[in-house]
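Biologist: I would like a close look at a single part of this model, with the criteria spelled out.

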Amino acid sequence: MVREKVGLPPFQALIDAHWRDVARLARAMAGQDGDDVAQRAWEKAYAAYPTLTSAKNLRSWLLTITARCATDVHRARKPQRPLDEAPPVAVDGPEAAAWPDPDLWRAVNELPERQRFAITLKYVGDLDHHGVAAALDTTPAASRRLVSDALATLRTKLGVHDD
């Protein structure tokens, strides 16, 4: 077993030595979710413990796992705002049926997200492929491909053929 080769103490000894540090960091980083973060950190540490190749600095190893678990919880949280402080709702636009060519816009809304964004930036935002690429964090060649694929899908859905 790997644990015997590197001289790791039993996992319970690790818990006994460092549970306060893990709990303190979890509470400091995650607030009310601190207990859940600490529990998740111990689960991850337990799963990874047999594969450790060194017994050096186990406290830092545990605290790194705890910090990463707290970051995961933070990222998973959705922003919470009281309703009275919510940003104003955007101005209502016309219904889809009132748009010029409502069938086209329904078809655009059914495109995959990246294609929909690319074609909207290109033709509604009037951006060139470099601008579309910058907005989508991709290359100009990839933006050309996204727009091209979107146009092909729209032509097929709407029954438009190149003659």
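Which residues form one aromatic cluster?

Modeller: The aromatic cluster is formed by Phe-11, Trp-42, Tyr-46, Tyr-49 and Trp-61. The model is predicted, so local features need pLDDT of at least 70 and side-chain atom pairs count only at pLDDT 80 or more, while totals for chains, interfaces and linings use all residues. Residues are numbered from 1 along each chain as its sequence is written, and side-chain values use heavy atoms, with hydrogens and water left out. Rings of Phe, Tyr and Trp (its six-membered ring) pair if their centres lie within 6.5 Å, and planes under 30 degrees apart count as stacked, over 60 as edge-to-face and the rest as tilted. By this rule there are 4 aromatic pairs. One of them joins Phe-11 and Trp-42, and because the ring centres are 6.0 Å apart with the planes at 85°, this pair is edge-to-face. Phe-11 belongs to helix α2 (residues 11–30) and Trp-42 to helix α3 (residues 34–48), so that the pair links distant parts of the chain, 31 residues apart, where helices (H or I, at least four residues) are DSSP runs numbered from the N terminus. Phe-11 has 10% relative accessibility and counts as buried, that is, under 20% relative accessible area with a 1.4 Å probe and protein chains only; Trp-42, at 14%, is buried as well. Phe-11 also forms an edge-to-face pair with Tyr-49, at 5.1 Å centre to centre and 70° between the planes. Because Phe-11 lies in helix α2 and Tyr-49 in the loop between α3 and α4 (58–76), this pair ties together parts that are 38 residues apart in sequence. Tyr-49, like Phe-11, is buried.

Note on methods:
Helices (H or I, at least four residues) and strands (E, at least two) are DSSP runs, numbered from the N terminus. Buried means under 20% relative accessible area, exposed over 50%, partly exposed in between (1.4 Å probe, protein chains only).
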